[in-house]
Amino acid sequence: MYRYVLEGRKELRGEINIQGAKNSALPILAATLVVNGESVIHNCPVLTDVEASVRILRYLGCRIKREGTTIIVDSSNILRDDIPAELMREMRSSVIFLGALLSRTGHARISLPGGCDLGPRPIDLHLKALRKMGVVINEFRGNIDCMVTDGIEGCQVALGFPSVGATENIILSAVMAKGTTIITNAAAEPEIVDLCDFLNSCGAKITTGESGTIIIDGVDSLHGAQHSIIPDRIVAATYMSAVAVSTGRVTLHNIIPSHLSSIIPVFEESGCNVQTNGLDLTITAPRKLRSLRLIRTMPYPGFPTDAQPPLMAMATQADGTTVFVENIFENRYKHVGELIRLGAKISVEGKVAVIEGPTELYGADVYAQDLRGAAALVVAGLAAEGKTTVYGVEYLERGYEEFDVGLSLLGASIRKI
C-alpha cells in the first residue's frame with residue numbers, strides 16, 4: 001500500500017503537461033472491440049483504470065501493445081463474449097464493454113461493475129435502452145446475460161437523466177445496428193464527443209445535434225483508425241486548485257479551454273488570474289483567495305462533480321463562506337471528514353456542504369476513500385502546515401498519472417512511499 005507524504009506551504013511555479021482524459025480513454029478502449037482490425041490510440045494516460053481496461057481486452061482476445069502513451073489494439077480475433085467478475089470489479093467504467101460486446105458478437109455476459117463507492121449508480125438506464133433496441137436481458141445473482149438473435153434494432157431512446165455511461169453504451173450498441181438510433185437527453189460531455197469522433201474515424205455515422213440529441217446511423221462494419229485522446233479537464237482543475245492554495249503561478253500545457261468553461265469562472269471568482277492562449281492555460285493565484293459562494297454540480301456543461309472535491313479543499317483557504325450542492329452522487333462527500341481532521345470547518349446536510357474559510361490547516365494522517373477525494377486530500381495537504389500523510393494512493397492512481405512527480409516538478413514537497 002502506497003502513501004503520499006507532503007510538507008505543505010510550498011509555492012508552486014513552473015509548467016506541466018496535462019495527461020489524456022481517463023473518462024475518454026476508457027470508453028474509446030472499449031470501442032476498439034467494435035472495430036475489426038487495428039486501432040492506434042495516442043495520448044492514453046498510464047493509469048490503473050486504463051490497465052484494467054487493457055486486461056479486459058486481452059481476456060477477450062485482443063492483442064495489445066503499449067508504446068509510451070500510445071496503445072495499439074488489434075481486435076481482429078475476439079475469442080470470448082464474457083467478462084469475469086474479478087475483471088469487472090476493478091472499475092465502474094467496465095460496464096461500457098456491454099454495448100461493445102453486443103455490437104461485435106451479439107452476446108455479452110458480465111457481472112455488475114465495481115469502482116469507487118459514490119452511492120447508487122444503477123445501470124437501469126443502460127438496460128432499459130438496450131431492451132428497446134431488441135436485446136434480450138436476463139439478470140441473476142449480480143450477473144447480466146444479454147443476447148440479440150436478429151441484430152440490434154435502431155430506435156429512439158429518451159434518457160430520463162443524461163447519464164454518461166448509458167449514452168456511451170447506447171452509442172456502442174447502435175453503431176452497427178439496423179437503421180437509425182436517436183438518443184434524446186443524451187450526455188454532452190467532451191468525452192462523449194471524443195468517443196463519437198473516434199468511432200466516426202473508424203467509419204461510423206454519428207452526428208451530435210443541439211439540446212442533447214445524438215443520431216447514429218448503423219453501418220455494416222468499422223475499420224481501424226488512429227485517434228488522440230483529449231486532455232483531462234478534471235486533472236487540469238485539480239492542478240489549478242493546487243496552485244490556488246499555494247499562491248503560485250503555473251502554466252498548464254495541452255488543455256482545451258472550452259472544456260473548462262464552467263471551471264475557469266470559479267477560479268476567477270476566487271481572485272485567481274486565468275489566461276488562456278491556444279492549448280495553454282496560465283493561472284496566477286492571489287495572496288488571499290475569495291470565497292466561491294455557491295457551486296452546484298450538474299451534467300455538462302454545468303460544473304462537474306469530479307471537480308468538486310479538490311475545489312472544496314481550495315475553498316477551505318478562501319475568505320468567507322462557500323456552499324457546494326452535490327446533485328450527481330449522494331456519497332461524494334467522503335473526503336469531508338478527512339478535511340476536518342486537517343482543520344477545515346465544514347458542515348454537511350444532505351446534498352449541501354458549507355465551508356467556512358479561511359482556516360489554518362495542520363498536517364495529519366488522512367485516508368482517501370475514492371479517486372477525487374484522494375485528490376482533495378493532496379490539495380489540502382499542500383495548504384497545510386507541517387507533514388500530511390495521505391493513505392489510499394491506489395485510488396489516486398486510477399485517474400492521475402504520476403501526480404506526485406508532477407507536483408514535485410512544480411516545487412511541492414511530496415514523496416510516494
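Colleague: What is the handedness of the crossing of α8 and α12?
Modeller: In this predicted model, the crossing of α8 and α12 is right-handed.

Colleague: At what angle do those helices pack, and how far apart are their axes?
Modeller: Helix α8, residues 233-245, and helix α12, residues 371-383, pack at an angle of about 20°. Their axes are 8 Å apart. Because angles under 35 degrees count as roughly parallel, α8 is roughly parallel to α12.

Colleague: Which residues make the contact?
Modeller: On the α8 side they are Ile234, Thr238, Ser241, Ala242 and Val245. Helix α12 contributes Arg372, Ala375, Val379, Leu382 and Ala383.

Colleague: How many of the residues in the contact of α8 with α12 are nonpolar, polar or charged?
Modeller: Seven are nonpolar, two are polar and one is charged.

Colleague: Let us stay with Val245 for a moment. Is Val245 buried or exposed?
Modeller: Val245, which lies in helix α8, has a relative accessibility of 13% and therefore counts as buried.

Colleague: What does Val245 touch, leaving out residues up to four places away in sequence?
Modeller: Val245 touches Ala313, Met314 and Gln317, and also Val379, Leu382 and Ala383.

Colleague: How far is Val245 from Arg9, in sequence and in space?
Modeller: The two are 236 residues apart in sequence, and their C-alpha atoms are 8.4 Å apart in space.

Colleague: Where does Arg9 lie, and what is its phi?
Modeller: Arg9 lies in the loop between β1 (3-7) and β2 (13-17). Its phi is positive, about 65°, although Arg9 is not a glycine. With a relative accessibility of 40%, Arg9 counts as partly exposed.

Colleague: What about Thr247, and what is its phi?
Modeller: Thr247 has a positive phi of about 50° and is not a glycine. Thr247 lies in the loop between α8 and β14 (249-253). Its relative accessible area is 17%, so Thr247 is buried.

Colleague: Changing topic to α4: how many of its residues are buried?
Modeller: Seven of the nine residues of α4 are buried, so this helix is largely enclosed by the rest of the structure. The buried residues are Phe97, Leu98, Gly99, Ala100, Leu101, Leu102 and Ser103.

Colleague: Which elements do those buried residues of α4 pack against?
Modeller: They pack against the helices α1 (22-31), α2 (48-60), α5 (124-132) and α6, and against the strands β6 (107-111) and β8 (143-147).

Colleague: How do α4 and α6 pack, in angle and distance between axes?
Modeller: Helix α4 (residues 97-105) and helix α6 (residues 164-174) pack at an angle of about 10°, with axes 7 Å apart. That makes α4 roughly parallel to α6. The contact involves Leu98, Gly99, Ala100 and Ser103 of α4, together with Asn169, Leu172, Ser173 and Ala174 of α6. Four of these residues are nonpolar, four are polar and none is charged.

Colleague: Which residue follows α4?
Modeller: Gly106 follows α4, and its phi is positive, near 80°.

Colleague: And α7: how many residues does it have, and how far does it reach?
Modeller: Helix α7 (residues 190-201) has 12 residues and reaches 16 Å from its first C-alpha to its last. That is close to the 16 Å expected at 1.5 Å a residue. Its buried residues are Pro190, Glu191, Ile192, Asp194, Leu195, Cys196, Phe198 and Leu199. Just after α7, Gly203 takes a positive phi of about 110°.

Colleague: Where is Lys288 placed, and is it buried or exposed?
Modeller: Lys288 is in the loop between β16 (280-284) and β17 (289-290). Lys288 is exposed, with a relative accessible area of 56%. Apart from neighbours within four places in sequence, Lys288 is in contact with Ser270 and Asp319. Lys288 and Ile192 are 96 residues apart in sequence and 37 Å apart in space, C-alpha to C-alpha.

Colleague: Last topic, the prolines: which peptide bond to Pro301 is cis, and which to Pro358?
Modeller: The bond from Tyr300 to Pro301 is cis, with omega near 15°, and Pro301 is in the loop between β18 (293-296) and α10 (308-315). The bond from Gly357 to Pro358 is cis, with omega near -5°. Pro358 lies in the loop between β21 (352-357) and β22 (365-367).

Note on methods
Residues are numbered from 1 along each chain as its sequence is written. This is a predicted model: local features need pLDDT of at least 70, side-chain atom pairs count only at pLDDT 80 or more; totals for chains, interfaces and linings use all residues. Side-chain values use heavy atoms; hydrogens and water are left out. Axes are lines fitted to C-alpha atoms, for helices over the stretch in contact, and angles run from 0 to 180 degrees between N-to-C directions. Helices (H or I, at least four residues) and strands (E, at least two) are DSSP runs, numbered from the N terminus. Angles under 35 degrees count as roughly parallel, over 145 as roughly antiparallel, 65 to 115 as roughly perpendicular and the rest as oblique. A crossing is left-handed if the near helix is turned anticlockwise from the far one by less than a right angle, and right-handed if clockwise. Contact means heavy atoms within 4.5 Å. Ala, Val, Leu, Ile, Met, Phe, Trp, Tyr, Cys and Pro count as nonpolar, Asp, Glu, Lys and Arg as charged, and the others, Gly among them, as polar. The expected span of a helix is 1.5 Å times one less than its number of residues. Buried means under 20% relative accessible area, exposed over 50%, partly exposed in between (1.4 Å probe, protein chains only).
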